[in-house]
Amino acid sequence: MQKKSTRVRKEEIVQAALGVVGKRGVRSLTISAIAESAGMSEANIYRHFGGKDDILLAMADFIGTSLVAKAATIAAGSRNPLDKLETIFFLHIALITEHSGIPRFVFSDDIHLSHKNIAERLALRICNYIETLAGVVAAGVAEGELRPGLFPRETALTLLGMIQFTALRWTISSESFEIRQEAENLWQNFKELVS
């Protein structure tokens, strides 16, 4: 059996931690629970992370890379602004669908109140995400693809609000509705409003 690299092991641990948070919430996130979810020993977890706080930071970084960095790459591409917004919107929905621990982590008071450094890191990533979306909206208005008079930042916040509120409803209802279908309906409505 081939030994996995440190990078792969760390990714597996972060994925396992998100799985625990998705099923049981942030308060249930222990090294023991992560080890069980990842199918490895607690000692192996400690070989890659100094403790739970390091894993929480890695989770925040995973969210930033998976969403904010990819959105910036899409925004810098050559497609038209509305297509960019749609791609980013559905990327965000797909990430939530794949990792239900993400909204539970981002919305957690345990993170906001007990881990100020992580909350600040998440807040910075969210600000960067809003700026990216606002830049795409501004380009859409300038190119005549989006309705004149739209305020880029507020339109970006509206788009993000649709995603976040849908994610919140989905997680607190124990994933009782089809989030992709809901997202498609919301996107069609948003597109009618802005174009």
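Helices (H or I, at least four residues) and strands (E, at least two) are taken here as DSSP runs, numbered from the N terminus. The structure is a predicted model, in which local features need pLDDT of at least 70 and side-chain atom pairs count only at pLDDT 80 or more, while totals for chains, interfaces and linings use all residues. Residues are numbered from 1 along each chain as its sequence is written, and side-chain values use heavy atoms, with hydrogens and water left out.

The phi angle of Glu175 is near 55°, a positive value in a residue other than glycine. Ser174 sits in the loop between H9 and H10 as well, and its phi is also near 55°, again positive in a non-glycine residue. For accessibility, buried means under 20% relative accessible area, exposed over 50%, and partly exposed in between (1.4 Å probe, protein chains only). Ser174 counts as exposed, at 60% relative accessibility, whereas Glu175, at 37%, counts as partly exposed.

Turning to the interior, a nonpolar core is a set of buried Ala, Val, Leu, Ile, Met, Phe, Trp, Tyr and Cys residues joined through side-chain atoms within 4.5 Å. The largest such core has 63 residues, of which Ile55, Met59, Phe89, Phe105 and Tyr129 touch the most other members. At least two residues of this core come from each of helix H1 (6-24), helix H2 (31-38), helix H4 (52-75), helix H5 (81-98), helix H6 (101-106), H8, H9 and helix H10 (179-194). H4 gives the most, with 12 residues. Contact means heavy atoms within 4.5 Å. Neighbours within four places in sequence aside, Phe105 is in contact with Val21, Val26, Leu56, Met59, Ala60, Ile63, Ile111, Ile118 and Leu122.

Next come two helix pairs. Axes are lines fitted to C-alpha atoms, for helices over the stretch in contact, and angles run from 0 to 180 degrees between N-to-C directions. Angles under 35 degrees count as roughly parallel, over 145 as roughly antiparallel, 65 to 115 as roughly perpendicular and the rest as oblique. The axes of helix H8 (residues 116-142) and helix H9 (residues 152-172) come within 8 Å and cross at roughly 120°, so H8 and H9 are oblique to each other. On the H8 side, Ile126, Tyr129, Ile130, Leu133, Ala134, Val137 and Ala138 meet Pro152, Arg153, Thr155, Ala156, Leu157, Leu159, Leu160 and Ile163 of H9. The residues of this contact of H8 with H9 comprise 13 nonpolar, one polar and one charged, where Ala, Val, Leu, Ile, Met, Phe, Trp, Tyr, Cys and Pro count as nonpolar, Asp, Glu, Lys and Arg as charged, and the others, Gly among them, as polar.

H5 and H9 pack with their axes 11 Å apart, at an angle of about 20°, which makes H5 roughly parallel to H9. Here Leu85, Phe89, His92, Ile93, Ile96 and Thr97 in H5 meet Leu159, Leu160, Met162, Ile163, Gln164, Ala167 and Trp170 in H9. The contact of H5 with H9 has 10 nonpolar, three polar and no charged residues.

Finally, two buried residues deserve a look. Ala16, in helix H1, is buried at a relative accessible area of 5%. Apart from neighbours within four places in sequence, Ala16 is in contact with Ile34, Ser37 and Ala38. Asn44 lies in helix H3 (residues 42-48) and is buried too, with a relative accessible area of 10%.
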